[in-house]
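Please brief me on this model.

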Amino acid sequence: MTINKTFSKAGLAAFPLCLLSTIISTTVSAQDQLGAEINQQIGQEIERVLVRGRLQTAAESIVTERIESDKVVDILGIEQISRAGDSNIADALRRVPGLTLVDGKFIYIRGLGERYQNVTLNGAAVPSPDLTRNVIPLDIFPTAIVADIAVQKGYTADKSAVFGGGAIDIRTTAIPDSFMAYVGASGGINSLSDSYLDYPGGNDFGKEDGTRAFPSIVSSTLGSTFINDGDLDISPSAIQDTASRNGSAITFEQAEALNRELALGFNRDLDISEKDSSVQDMGFEVGIGDTYDIGGEFTLGGLVTLNYDESIRTQDRISRRLEEPEEEFTETTKSTQNTSVTVTAAVALKWGYDHSIESKNFFIRNTDDETFVSNEYNDTSGFSSGGGFRNYEGIFEQRELEINQFSGRHILGEDTRDLIGLDSTFLDDLELTWFYSDSNATTEIPNAFTSVATFSRDTTTNEFSNVNISLGGIVSNGLQFDNLDLDDQLESSGFEMKLPLYAGDWAFELSGGTRIDKRGRISDQLTLTIDGSSIVNSLVTDSISTRFSDEAISNADNGFELALESSEFSPSLAATKVEAVFGQVNIDWNDELTLVLGSRFEDYRQVSAIFNPLAVSSPILPNLDSNSFTEGELPEGIFQDDGIYPSASAVYKIYDFWAETFKLNLMWSENVIRPDMREIVDTSFRDPVTDFIISGNSSVTPSDITNIDLRAEWFFESGNNFTVSLFHKDIENPIELFSQTATGNELRAEVLNAGTAEISGLEVEWMVNLEFLGDIGSLFFVQGNITSLFNNEIDATGVESDVTNAVRPLTQASDFVANIIVGFDSEDGKHSAALAFNTFSERLYVSGASGFADSYEQPFDSLDFNYTYYIQEDLSVKFKAKNLLDAKNEITQENNDGVDVTRFEQEVGQGYSVSVSYKF
């Protein structure tokens with residue numbers, strides 16, 4: 001959507017970054033090359049390994065990294081992910097202890113929401129294409145591009161200071177040492193999706209095909225039509241006033257005709273129909289890579305992959321009002337056509353073991369084409385009245401993520417010293433790693449449409465009649481179009497140096513580095529409606545294309561008019577800049593006792609503003625000069641904060657203590673949690689997960705958090721292991737959503753700082769082979785984890801809010817989470833199977849307000865089965881069955897009579913798929 005005589009979207013997106021780079025003075029730099037640091041710590045590189053055989057063997061390889069790590073870290077390897085049958089990272093992370101999946105996209109660690117997580121890709125921060133959240137939705141990453149995922153739950157100074165639940169680092173497939181190629185295809189069905197809702201308009205490999213494009217005639221007119229206060233307008237009176245000022249006076253009737261001509265520019269062929277679908281899921285993947293010796297100990301390697309997936313899901317859901325659930329509710333059928341395209345390209349140049357430079361590039365497009373038809377019964381037309389309202393809605397949401405990463409690793413090793421003629425010194429094996437990442441996330445929703453009809457319903461037979469799209473403001477604003485755009489840019493860079501030193505049984509590693517993250521995010525929204533006179537309602541029709549036909553709109557007697565709608569969802573822009581420096585010392589005695597002491601300094605700046613995308617002049621952000629304001633004098637919308645964040649850990653190893661290796665790890669750290677960029681702007685936005693209208697707050701401040709972890713691990717032979725972890729977190733001024741009083745069926749919340757919060761719990765994790773049951777038992781193993789919270793409370797006493805319960809559990813924190821996998825590997829390695837179960841106890845969905853009770857999301861018991869047959873060494877077939885228990889999503893809330901009301905329920909369905917993969 002481009003509007004003439006206004007600043008462009010690209011210019012707006014660049015504006016916050018340019019502003020910050022010029023008006024915020026540089027204090028320190030920062031760095032956090034997480035992927036390289038972990039890889040080098042264990043002395044290995046992660047590569048795509050073509051594995052045939054045992055899932056237990058894959059699990060054993062992950063145990064090796066855990067034994068050698070001095071951090072509280074869980075590793076999820078690609079073979080474990082593949083055998084569990086998870087197609088995206090969000091689903092895969094459900095298997096990690098203490099992790100729960102929310103809305104199929106976001107991961108909660110140890111009961112703490114997505115704001116408490118720090119997600120990186122190969123150690124670099126990446127922006128989010130989600131309209132309402134800072135964190136990236138993890139379902140957009142296919143597991144096919146992943147080498148492994150590291151979930152670090154104990155803080156170390158080389159991580160970002162924003163650390164609460166943990167840090168997730170997605171480590172992508174590395175370039176192979178020799179030729180590798182693969183090709184695969186898949187297809188599947190879902191029990192609820194043999195038919196789906198659709199409307200005219202499609203996509204080309206996930207990209208909108210142009211049928212939903214914003215009309216150019218409307219764009220150009222908005223750029224030249226305005227009223228006296230400087231705001232743009234498109235009404236007949238504004239068009240007439242503009243013509244008069246330009247010396248070309250026209251009549252009001254002529255202005256109305258011009259306005260109707262603009263309305264004709266919109267695509268109105270939007271009738272929703274039901275279609276059959278025999279196959280709901282399909283996809284394919286290809287990849288090729290190789291490494292070449294180019295002489296002089298130099299090697300050059302490359303890897304290119306392509307993943308494409310399509311899916312169709314139809315779900316029925318029902319939302320009920322708390323006071324009159326049998327009379328006032330909405331029944332909705334929702335169909336989603338998802339298209340996902342992921343392209344990766346990587347190249348690496350290496351010289352011996354000492355030096356390497358690598359470039360990794362990613363393009364991800366993820367599109368949801370959603371169609372809704374719902375029947376609503378409310379306080380004016382209850383279910384027993386025989387009347388109601390039918391809503392037609394179509395939303396095409398296109399998300400794209402482009403990432404370009406460059407990294408290097410350089411060691412002062414023997415080859416390098418020989419090359420420069422340097423004798424061995426205490427600087428031997430000095431290591432330098434660096435990275436630069438430039439990424440851009442965009443989301444476009446072009447001309448999402450909504451139209452509302454009235455209907456009559458026979459209360460005996462439940463048959464519908466007289467379904468009529470109404471005009472004239474009786475029910476709705478006619479045909480409404482919503483256009484939303486998001487642009488999120490993030491530039492991340494830094495370096496780290498490490499120096500190992502040795503003295504007898506003692507080994508030391510000194511490390512330190514810097515990092516700078518600069519981010520700018522802009523979102524805007526434009527709503528227009530085509531409405532007409534109520535006299536048009538005499539023609540009864542439920543067809544959008546008929547009600548809003550060219551003939552109907554062109555007829556002046558029908559009173560059709562295109563109008564710009566005001567909205568509380570104001571467009572906004574925000575920018576942040578984080579500069580950091582850290583230092584850390586690792587002290588090891590005889591590979592038995594390890595101490596890690598570190599500290600990180602971060603200087604954080606943020607600036608935010610709301611603006612009118614149709615204004616003649618561009619928004620003016622405050623001219624922040626960091627040296628010209630003292631504490632407490634910063635203008636509204638600007639925030640600066642700096643702090644020192646220390647960490648300490650001790651690791652004690654004992655060999656042959658009940659197990660081959662026993663590890664005891666104690667960790668402590670002080671950290672910070674900062675608000676999302678969307679939350680620091682004084683405007684509202686609708687959360688698509690909760691459907692709440694959320695009011696942002698530029699005065700919300702970061703939270704301080706103290707983390708303590710105690711972890712005991714026993715590693716036995718054959719990869720068997722057992723782990724027990726205790727953790728405790730204290731949060732000062734936690735950032736929370738508080739419900740607000742709202743009218744009708746509207747749901748509202750605001751962002752505020754609460755008083756304090758505490759969360760404590762126990763994690764137990766294990767993997768055991770069942771060989772004690774004999775030869776048959778040796779083919780089976782059980783892997784799983786259980787997390788239990790024995791303290792989960794937030795105290796908002798004194799906060800100015802009409803929240804019902806000031807003392808309550810944290811949002812989305814389950815007191816109990818369990819993951820259990822029963823695996824089978826045949827003796828010849830040709831057959832592998834896994835039965836995976838995941839569940840969680842009820843968790844607070846959203847707090848209640850004005851005396852109403854809190855609402856809770858009910859447990860979802862997920863049982864999945866996967867079987868793989870390795871026909872040949874390079875050819876395999878996989879069968880997957882999802883949600884075998886046919887669980888569904890439910891949210892309940894207690895009414896004033898003490899009765900639990902199911903406020904929301906949605907079916908998920910059972911899924912079955914088959915895939916074939918061939919590897920060269």
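**Briefing**

L710 is partly exposed, at a relative accessible area of 35%; that class lies between buried (under 20%) and exposed (over 50%), with a 1.4 Å probe and protein chains only. L710 sits in strand β29. The model is predicted: local features need pLDDT of at least 70, side-chain atom pairs count only at pLDDT 80 or more, and totals for chains, interfaces and linings use all residues. Residues are numbered from 1 along each chain as its sequence is written, and side-chain values use heavy atoms, without hydrogens and water.

**Surface patch**
- L710 belongs to a nonpolar surface patch with about 1100 Å² of accessible area together; other members include W506, W589, Y652, W668 and F790.
- Elements giving two or more residues are β24 (593–610), β26 (659–673) and β29 (703–715).
- β26 gives the most, with three residues.
- Patch residues have over 30% relative accessible area and no salt bridge, with nonpolar side chains joined within 5 Å.

**Whole chain**
- The chain holds eleven helices and 44 strands.
- Buried residues make up 57% of its 920 residues.

**Helix α8**
- Helix α8 (residues 252–263) has twelve residues and reaches 17 Å from first C-alpha to last, close to the 16 Å expected at 1.5 Å a residue.
- Its buried residues are A255, N259, R260, L262 and A263.
- These cover an arc of only 155° around the axis, so they lie on the same side of α8.
- They pack against α6 (216–222), α7 (236–245), β21 (506–531), α11 (550–554) and β22 (561–564), where contact means heavy atoms within 4.5 Å.

Terms used: Patch = residues over 30% accessible without salt bridge, like charges linked within 9 Å, V, L, I, M, F, W, Y side chains within 5 Å. Areas by Shrake-Rupley, 256 points an atom, 1.4 Å probe, with all protein chains shown as cover. Salt bridge = Lys/Arg side-chain N within 4 Å of Asp/Glu carboxyl O. Helix = DSSP H or I, 4+ residues; strand = E, 2+ residues; numbered from the N terminus. Expected span 1.5 Å × (residues − 1). Arc of directions from axis to C-beta.
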